[in-house]
Amino acid sequence: MSFSPDIVERIARARADLRMGVPIVMTGGGQAVLVMSAETLDRDRLADLRDLGGVPHLVITGRRAETLKARAYDGDIARVRLPSDADLTWLRAIADPADDLRTPMKGPLATERDGAPDLHRAAIKLVKSAQLLPAALALTLKNAATFALEHGLTVIPADLAAPHLAASSPLHPVVHARLPIRAADAGRLHIFRPEDGGEEHYAIEIGRPARDKPVLARLHSACFTGDVLGSLKCDCGPQLNAALMQMGGEGAGVLLYLNQEGRGIGLANKMRAYSLQDQGFDTVEANHRLGFEDDERDFRIGAKILKELGFSSVRLLTNNPRKIEMMEATGISVAERVALKVGENAHNTAYLATKASKSGHML
Ligand SMILES: Nc1nc2c(ncn2[C@@H]2O[C@H](COP(=O)(O)OP(=O)(O)OP(=O)(O)O)[C@@H](O)[C@H]2O)c(=O)[nH]1
Ligand SMILES: [Zn+2]
């Protein structure tokens, strides 16, 4: 029967569960752990978890561990043993760097070095992909299957989930329609939907670009603050506008609007990063303190959409060398890099300088 959700559908459910504060069960290697997001966990569930006995771990990323001066024996993650008196406030303070400077952590944190961290690593990947703070509470379960059934919890076998957590989902075109815009009368908006229940992505086609020649293209990552509100903290709004205007001027082009807000960490986490930036950290340091990498985006989505639209070669409007590498690596040739330098102002000079010095952006 095909009625039961497959692994991709179960992962989508698990993401929604974690965002609501509902636990999930992760299984693999003859073990099982109960997983909850540190951000959405509430008092009742923490108390119930305590009643189950055993030693729960708060799993954090290696990046967050670095800031907290905790030993990350597992490399990219650390399993912090939950002290017996740790309450929700303690958990949140480990997960969220907002108050790091005001209330330095009472440590030292005891991190685990024994036992297999594979399920914990998968749990962090899942929590990250749900755009929550990358911190998860995990407790080893004995009779996981019965426990999950009894409580109606989603069960995720880690080995089946791994390829889906590592790669972006296949996308399919849903619909396209004519959309005249300020930059060009001949505009057309295409909607693409991923199979995993995630965010849809868009392509704005200007004119009718030839498919057998390099097309003027831009991969634009969503920036609600810059694109919609005209934020001066970044250059996204002016870049979006300038790219469309250049395509309008040439009469042809394609702009991919990828819903990867905040370099893939989501708007809530981006605002957490902005708050840290107001405490004096730069854009990269802020991501690291939160437990994220500099850039969590998957640009392969862009290549998939371009191929779906029939393009194989681009003149790419960008200053970001990673976008060029990723295009080439995924089979879209970059015939030319077209610089896109607009929108510098007094508020974003330092941000742009950091992108150049730390993320390799071309000046
Ligand atoms: N995490 C985080 N994301 C930010 C910050 N400022 C802007 N962003 C996000 O960064 C992304 C900018 O994307 P792009 O316009 O593709 O920029 P880019 O990687 O610099 O590449 P090019 O503009 O092509 O040179 C958007 O998703 C913004 O929401 C910040 O301080 N922190
Ligand atoms: Zn922006």
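## An open strand pair

None of the eight residues of strand E7 (residues 171-178) is buried, so strand E7 lies largely in the open. Here a residue is buried if 20 or more other C-beta atoms lie within 10 Å of its own, exposed if 12 or fewer, and partly exposed in between, with C-beta atoms placed from the backbone. Helices (H or I, at least four residues) and strands (E, at least two) are DSSP runs, numbered from the N terminus.

Strand E7 runs antiparallel to strand E8 (residues 187-194), and seven bridges join them. Two strands pair if DSSP finds at least two bridges between them. Within this pairing, Val175 stands opposite Ile191 in E8. In a regular strand the side chains alternate between the two faces of the sheet.

## About the model

This is a predicted model, in which local features need pLDDT of at least 70 and side-chain atom pairs count only at pLDDT 80 or more, while totals for chains, interfaces and linings use all residues. Residues are numbered from 1 along each chain as its sequence is written, and chains are lettered from A and ligands numbered from 1 in the order in which they are written.

## An enclosed helix

Helix H5 (residues 118-129) has 11 of its 12 residues buried, so the rest of the structure largely encloses H5. Among the buried residues are Leu119, Ile124, Lys125, Leu126 and Val127. An α-helix has 3.6 residues a turn, so residues three or four places apart point the same way.

The 12 residues of H5 should span 16 Å at 1.5 Å a residue, and the end C-alpha atoms are 17 Å apart, which agrees. The expected span is 1.5 Å times one less than the number of residues. After H5 comes Gln131, whose phi is positive, near 60 degrees. Lys125 and Ala166 are 41 residues apart in sequence, and their C-alpha atoms are 8.5 Å apart in space. Ala166 lies in helix H7 (residues 158-166) and counts as exposed, with 9 C-beta neighbours inside 10 Å.

## The shell around ligand 1

Ligand 1 is surrounded by 22 residues, and the closest are Ser221, Cys223, Thr318, Asn319 and Asn320. A residue is near a molecule if its C-beta atom, placed from the backbone, lies within 6 Å of it. The shell divides into six nonpolar, 11 polar and five charged residues. Ala, Val, Leu, Ile, Met, Phe, Trp, Tyr, Cys and Pro count as nonpolar, Asp, Glu, Lys and Arg as charged, and the others, Gly among them, as polar.

At least two residues of the shell come from each of strand E10 (215-221), helix H9 (236-250), helix H10 (261-264), helix H11 (267-277) and helix H12 (283-290). Helix H10 gives the largest share, three residues.

## Annotated binding site

An unreviewed UniProt entry places the feature "binding site" at Arg218, Leu219, His220, Ser221, Ala222, Gln239, Glu261, Gly262, Arg263, Thr283, Thr318 and Lys323. These positions are spread over 106 residues of sequence and also spread in space, up to 22.5 Å between C-alpha atoms. UniProt positions are given in the numbering used here, feature names are shortened, and annotations may be inferred rather than shown by experiment.

Gly262 is in helix H10 and counts as buried, with 25 C-beta neighbours inside 10 Å. Not counting residues up to four places away in sequence, Gly262 touches Leu267, Asn269, Lys270 and Ala273. Two residues are in contact if their C-beta atoms, placed from the backbone, lie within 7 Å. Arg263 is found in H10 and is buried, with 20 C-beta neighbours inside 10 Å. Arg263 has a positive phi of about 55 degrees although it is not a glycine. Thr283, in helix H12, is buried with 23 C-beta neighbours inside 10 Å. Leaving aside neighbours within four places in sequence, Thr283 is in contact with Ala273, Gln277, Tyr351 and Thr354.

## Annotated active site

The "active site" annotation, from an unreviewed UniProt entry, covers Asp295 and Arg297. Asp295 is in the loop between H12 and helix H13 (300-308), and Arg297 is found in the loop between H12 and H13.

Asp295 counts as partly exposed, with 18 C-beta neighbours inside 10 Å, whereas Arg297 counts as buried with 22. Not counting residues up to four places away in sequence, Asp295 touches Arg263, Gly264 and Ser359. With neighbours within four places in sequence left aside, Arg297 is in contact with Ser221, Gln260, Arg263 and Gly264.
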